[in-house]
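Visitor: I would like to walk through this structure with you, one question at a time. Shall we begin?

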Amino acid sequence: MRALVVKEPGPPESLRLTETATPSPGPGELTIDVAYAGVGFVDTLFRSGAFDLPTPFTPGIEVTGHVREIGPGVTGFEPGQPVGALLNDFGRGMRAGGYAEVAVAHATMTTRLPGDADLARMAAVLINGVTAWLALHDLARLQVGDDVLVLGASGGLGGITGRLAAIHPAGRVIGSSRRPSDAPTWTHLVTDLDTVPDLTGGRGVDIVIDPVGGDLRTRAYDLLAPFGRLVVVGNASGQDRPVSADSAWLNTRQILGFSLGGVAHLIPDRVGTALSAIVDLVHRGVLREPAPSVVPLDQATEVHQALETRTAPAKTVLAIR
């Protein structure tokens, strides 16, 4: 089969289209004939060596396609069935592998798709949708009327987080971004966090969802209302800034972290619930996600370059077949 392989970590040109052996499923796994693979900023970190993953390595942590083979102990799936899957259950050992004609997924990280589902659109929402769902519902415990601040609003994760919060419904959904974004998602879209107190009458926000990190994280933390929750879901800035535990105590605030890849194998029921919910909301048109940019597999290098220079669209998927 064809796959994009990183033999040595490095720049986008490290992605090499290669003929590799077609994998077979192990216990609890299935293989998927991949139609589309989502591309995200985290893939650039895998490729560049930020996480020190063993090589050779094939990026790609979300795919859609059709079941190819079923491994021992797997029930509820059959060959030819359309499915979507997450490939970032790294707690089970190595995974990923989405930039390939055939991918291996664990059954608990796989969901059935409706027969008429748009596979490209579904591939674009899986990882961001599940992350946003679990961050809002399981960690931040979003309540109707809560005011939510989303950092990185123009990105794929930020955008879907805002749209999920809006349909919950939250109170105010405030997006923070230096780039244009889909304004209908947001009650307010700001480029300067100093404007947030005025938007909330000086009270602050109940929830901050942060995939950005750096100074923006510490500034957003200071905007939390009493009992407010900061949920850290990434660090696109690459800059970690300390937050005082005494400040959390004295201001009655909470700091929460969520990395799906590290805990997915420990929370299969939560992952399954989130996957099913996102697929259902998108398929019914309740969660109105913009159509992704679709490019051929052999143009992944250009997509990685655009992601690293912050010029990529909110979401791109690779057409594998």
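**A guided walk**

Visitor: Is Leu 15 buried or exposed, and at what relative accessibility?
Guide: Happy to start there. Buried means under 20% relative accessible area, exposed over 50%, and partly exposed in between, computed with a 1.4 Å probe on protein chains only. Leu 15 therefore counts as buried, at a relative accessibility of 5%.

Visitor: Before we go on, what kind of model is this?
Guide: Residues are numbered from 1 along each chain as its sequence is written, and side-chain values use heavy atoms, with hydrogens and water left out. Local features need pLDDT of at least 70, side-chain atom pairs count only at pLDDT 80 or more, and totals for chains, interfaces and linings use all residues, since this is a predicted model.

Visitor: Which strand holds Leu 15, and what is the C-alpha separation between Leu 15 and Leu 4?
Guide: Helices (H or I, at least four residues) and strands (E, at least two) are DSSP runs, numbered from the N terminus. By that naming, Leu 15 belongs to strand β2, residues 15-19. Contact means heavy atoms within 4.5 Å, and, not counting residues up to four places away in sequence, Leu 15 touches residues including Leu 4, Pro 59 and His 304. Leu 4 is eleven residues from Leu 15 along the chain, and their C-alpha atoms are separated by 5.7 Å.

Visitor: Which residues touch the most other members of the largest nonpolar core?
Guide: A nonpolar core is a set of buried Ala, Val, Leu, Ile, Met, Phe, Trp, Tyr and Cys residues joined through side-chain atoms within 4.5 Å. The largest one has 51 residues, and those touching the most other members are Leu 86, Trp 133, Leu 164, Leu 260 and Val 271.

Visitor: Which element gives the largest share of this core?
Guide: Elements that give two or more residues to this core include α2 (119-123), α3 (126-139), α4 (156-167) and α9 (268-283). With nine residues, the largest share comes from α3.

Visitor: Why is α4 described as largely enclosed, and which elements do its buried residues pack against?
Guide: Ten of the twelve residues of α4 are buried, so the helix is largely enclosed by the rest of the structure. Among the buried ones are Gly 156, Ile 160 and Leu 164. The buried residues pack against α3, β8, β9 (173-176), β11 and α9.

Visitor: What is the phi of Ala 96?
Guide: Ala 96 sits in the loop between β5 (82-86) and β6. It is buried, with a relative accessible area of 8%. Although Ala 96 is not a glycine, its phi is positive, at about 50 degrees.

Visitor: Is Thr 252 buried or partly exposed?
Guide: Thr 252 lies in the loop between α7 (245-251) and β13 (253-257). It is a residue other than glycine with a positive phi, near 55 degrees. At 35% relative accessibility, Thr 252 counts as partly exposed.

Visitor: What is the C-alpha distance between Leu 139 and Phe 258?
Guide: Leu 139 belongs to helix α3 and is buried, with a relative accessible area of 17%. Among its contacts beyond four places in sequence are Val 231, Leu 256 and Phe 258. Leu 139 and Phe 258 are 119 residues apart in sequence, while their C-alpha distance is 8.1 Å.
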